[in-house]
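Here is a short briefing on one protein model. Look over the sequence and the fold before reading on.

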Amino acid sequence: MNDEKAHDLRKIDPSVGGTVFERYFTGKNEANYVAPNTIFMTTNYVNLVAFETLEGLILVDTGMVEAGATVLEEIRKLTKAPLHTVIFTHGHMDHAFGLKPWLEAGEKPRVIAHENVIRRFRTYMKMAPMNININRNQFGIVADIHWPDKEGLFTWPDTIYRDQLTLHIGGEIFELHHAKGETDDATWVWARDRGIVCSGDTYVGMLPHCGNPQKVQRYPEEWADGLEAIASVGAELLLPGHGHPMEGKEEIRRRCLITAEALRAIVKQTLDGLNAGLTHEDIVASIKIPEHLAKEPFVDPLYDRPEFIARNLIRRYGGWWSGFSSQLLPAKMADQSREIIRLAGGVAPLVTRARELMDSDPALACHLAEWAALGAPEDRSAHECVIDVFGKRAESENSLMGRGLLSYAARKSQKVLDSLD
Ligand SMILES: [Zn+2]
């Protein structure tokens, strides 16, 4: 093991700040030993862990389909141990789709995952076009996205479990624990004899992203449970599915517990609001991470915002109706917008006012710009206004999802402008 390199990797401290990309996506295809017989590999989007044991290699996650060959190559530079067991920390595209090159190279591992991974894969086959669209929109991807839609494109686990599974491999114990959080199929791994936890996406070094505006239900309360469970095992080294390794029993415990507390605060405020009969908009407007937690950089809302998490909880516990009576059976937005333009005496007053407000009240400016474009879809000034107002708001937005979807509005209007030429 290259001690110097291992130390280098481990001393990186996510609390020093940085953008969501620097903190979450570590960026390089590189495999290194970070502890004896323990390899930590970073790829463009996701990390993997390989444990060398007396019976062979345990691989925790496999990377994206595109990264599979590189992962195999990099890990094979360090170890020739046969692949014994693969564990998927969940069934997301970046974690569970890179195993094919290993299988093609003749490896015959057992593949273990939580039972809900099977259901996720079946949903993926059913909803491929939708998933391509929403990922395209939130990340601004223009290249082709290949979403698996046939059974043969998945690596199906051959061993599933529900709550907890203890593996005895090479005289060591590896515990698999189920958690829900970003997904309902998550696993974190406790290599107890090594004092190492592989958190998958249960610890992410920022406010957990359980509010994604376009995606299926997330689980903030269970995410807090998972973080508290990780905090309780006393790991000396935490190897996350994204971002940088974290070292030190006390710091691992502290960060997991504080992150859990921040989630619990958002949950409590939201459920209290629902129980008090507040409107969804009043609940969302009132959400605040308590000062003593918000000052910790590892709960920065860099991926999702607390407001998005509150909306996700509202969806889980309540219905979809906003509480505004006209929105129960509403007129189409385009019809509302045309009427607003008529009352304003044309598109120009909306565009002018949107531009006036874009610094002082960007939220209101966005409404005005969107009404202009929806009500007058062939008006260039309306789309130029959307591009400027949403574009500027996107630039100043810290959350990845917020920025992605605000930019999407500007991209849509740019497309219309291009088609009007
Ligand atoms: Zn992930």
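Which residues coordinate the zinc ion? The model is a predicted one, and in it the ligands are H95, D201 and H242. The points below take the zinc site, then the domains, the contact between two of them, and the salt bridges.

**Zinc site**
- Along the chain, the donor spacing reads H-x105-D-x40-H.
- H95 belongs to the loop between β5 (83-87) and α4 (100-104), and D201 to the loop between β11 (196-200) and α7 (220-233), so this pair ties together parts 106 residues apart in sequence.

**Domain layout**
- The domain assignment gives domain 1 as 3-262, domain 2 as 263-317 and domain 3 as 331-420.
- Between the C-alpha centres of domain 1 and domain 3 the distance is 39 Å.

**Interface of domain 1 and domain 3**
- Domain 1 brings eleven residues into contact with seven residues of domain 3.
- About 750 Å² is buried between domain 1 and domain 3, and carbon and sulfur atoms give 74% of that area.
- Zero salt bridges are found across this interface.
- One residue pair is in polar contact between domain 1 and domain 3, with both residues at pLDDT 80 or more.
- On the domain 1 side, α2 (20-24) and α6 (128-139) each supply at least two of the residues that touch domain 3.
- The largest share of that side, four residues, comes from α6.
- By class, the domain 1 side has five nonpolar, five polar and one charged residues.

**Salt bridges**
- How many salt bridges does a search of the whole structure find? The search finds 27.
- One pairs E115 with R162, whose closest N and O atoms are 2.7 Å apart.
- E115 lies in the loop between β6 (110-114) and α5 (116-126), and R162 in the loop between β7 (159-161) and β8 (164-169), so the bridge ties together parts 47 residues apart in sequence.

Key
Residues are numbered from 1 along each chain as its sequence is written. This is a predicted model: local features need pLDDT of at least 70, side-chain atom pairs count only at pLDDT 80 or more; totals for chains, interfaces and linings use all residues. Side-chain values use heavy atoms; hydrogens and water are left out. Domain bounds come from an automatic or database domain assignment. Contact means heavy atoms within 4.5 Å. Buried area is the accessible area (1.4 Å probe) that two parts lose on being put together, summed over both. A salt bridge is a side-chain nitrogen of Lys or Arg within 4 Å of a carboxyl oxygen of Asp or Glu. A polar contact is a pair of N or O atoms within 3.5 Å; within protein, one must be able to donate a hydrogen and the other to accept it, and residues adjacent in sequence count only if both atoms are side-chain atoms. Ala, Val, Leu, Ile, Met, Phe, Trp, Tyr, Cys and Pro count as nonpolar, Asp, Glu, Lys and Arg as charged, and the others, Gly among them, as polar. Donors are N, O and S atoms within 2.8 Å of the metal (3.2 Å for Na, K and Ca); water is not among the atoms, so sites may look incomplete.
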